Amino acid sequence: MTWAYGSCMRSEPVVSLVVMGVSGSGKTTVATEVARRLGWEFTEGDDHHPAANVEKMRAGIPLDDEDRWPWLRELAAWIGRHEEEGRSCVLTCSALKRSYRDLLRDGHPSVWFAHVSGSQELIAERVQKRQGHYMPPSLVPSQFATLEPLDDDEPGRVVPAMGSPEQAVDELLADLARDRGVTLP
Ligand SMILES: Nc1ncnc2c1ncn2[C@@H]1O[C@H](COP(=O)(O)OP(=O)(O)O)[C@@H](O)[C@H]1O
Ligand SMILES: [Mg+2]
């Protein structure tokens, strides 16, 4: 049967999963678990900042959009390389504004967003407890003020920040399988 032959030949879709959300929402936690379960390559978006941005952040100076464009273009290029090579991947990037997400998605149909979302109270508490991270708790309100949630025409879903990371990843992967045809282990 032709259709059976066709389905046997069908290769796994390529997905670039961008785990987004305010600092402290659980992006690294969720993305690490996805990478572990699916065996996808993972990168921390923050590790791709140009040296000038790292210096600014170390000095406690907030980044502006002009600082962010080269960084976002670097992440888009990282996505593009994986897409061209046909390798699914997962990365963390706060991607708080629609314009940042549009840049990541431009020319990259593999991109799918998972927005880790919780109340400001919950996130503030987590950031307060977290050790060894450059983001001070005082910056939580500005993160929420900047956040533009996913619009209906953006591919992806909201992942609850409350509850266990395992449950959040279960829900996220079920949607990814439905939306993009990813085969789950
Ligand atoms: N679902 C969760 N339940 C409880 N604690 C969590 C959960 N997700 C993350 N955390 C904790 O919250 C803090 C922030 O998580 P992290 O993944 O580093 O966030 P982000 O990468 O978005 O800044 C960490 O200390 C982490 O262990
Ligand atoms: Mg992180």
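This is a predicted model: local features need pLDDT of at least 70, side-chain atom pairs count only at pLDDT 80 or more; totals for chains, interfaces and linings use all residues.
Residues are numbered from 1 along each chain as its sequence is written, and chains are lettered from A and ligands numbered from 1 in the order in which they are written. Local features need pLDDT of at least 70, side-chain atom pairs count only at pLDDT 80 or more, and totals for chains, interfaces and linings use all residues, while side-chain values use heavy atoms, with hydrogens and water left out.

Me: Which residues come nearest to ligand 1?
Reply: A residue is near a molecule or strand if one of its heavy atoms lies within 4 Å of it. There are 14 residues around ligand 1, and those that come nearest are Gly24, Lys27, Thr28, Thr29 and Arg130.

Me: How many residues of the shell around ligand 1 are nonpolar, polar and charged?
Reply: Ala, Val, Leu, Ile, Met, Phe, Trp, Tyr, Cys and Pro count as nonpolar, Asp, Glu, Lys and Arg as charged, and the others, Gly among them, as polar. On that basis the shell holds 3 charged, 3 nonpolar and 8 polar residues.

Me: Which helix gives the most to the shell around ligand 1?
Reply: Helices (H or I, at least four residues) and strands (E, at least two) are DSSP runs, numbered from the N terminus. With 3 residues in the shell, the helix that gives the most is H2, residues 27-38.

Me: What is the distance from an oxygen atom of ligand 1 to an N or O atom in the side chain of Thr28?
Reply: A polar contact is a pair of N or O atoms within 3.5 Å; within protein, one must be able to donate a hydrogen and the other to accept it, and residues adjacent in sequence count only if both atoms are side-chain atoms. A backbone N or O atom of Ser25 lies 3.4 Å from an oxygen atom of ligand 1, and a polar backbone atom of Gly163 lies 2.9 Å from a nitrogen atom of the ligand. For the side chain of Thr28 and an oxygen atom of ligand 1, the distance is 2.9 Å.

Me: What share of the area of ligand 1 does the protein bury?
Reply: Accessible areas come from the Shrake-Rupley method with a 1.4 Å probe; for residues, only the protein chains shown count as cover. Ligand 1 taken alone exposes 560 Å², and the share of that buried by the protein is 71%.

Me: Which residues of H2 are buried?
Reply: Buried means under 20% relative accessible area, exposed over 50%, and partly exposed in between (1.4 Å probe, protein chains only). What covers the buried residues of H2 includes strands S1 (16-20), S2 (41-44), S3 and S4 (111-117) and helix H8 (165-180). The buried residues of H2 are Lys27, Val30, Ala31, Glu33, Val34, Ala35 and Leu38.

Me: Which residues are in contact with Ala31, leaving aside its neighbours within four places in sequence?
Reply: Ala31 sits in helix H2 and is buried, with a relative accessible area of 0%. Contact means heavy atoms within 4.5 Å. By that cut-off, the contacts of Ala31 are Val19, Phe42, Val90 and Thr92.

Me: Is His48 buried or exposed?
Reply: His48 is in the loop between S2 and helix H3 (51-58). Its side chain is joined to that of Thr43 by a polar contact of 2.7 Å. Because the relative accessibility of His48 is 16%, this residue counts as buried.

Me: Which backbone nitrogen lies 2.9 Å from a polar atom of the side chain of Ser88?
Reply: Ser88 is found in the loop between helix H4 (65-85) and S3, and is buried at a relative accessible area of 13%. A polar atom of its side chain lies 3.4 Å from the backbone oxygen of Pro13. The backbone nitrogen at 2.9 Å belongs to Val15.

Me: What is the phi of Ala95?
Reply: Ala95 lies in the loop between strand S3 (89-92) and helix H5 (98-105), and counts as buried at 1% relative accessibility. Although Ala95 is not a glycine, its phi is positive, at about 45°.

Me: What distance separates the C-alpha atoms of Pro136 and His82?
Reply: Pro136 is in the loop between helix H6 (120-129) and helix H7 (140-146), and at 33% relative accessibility it counts as partly exposed. Pro136 and His82 are 54 residues apart along the chain, and their C-alpha atoms are separated by 33 Å.
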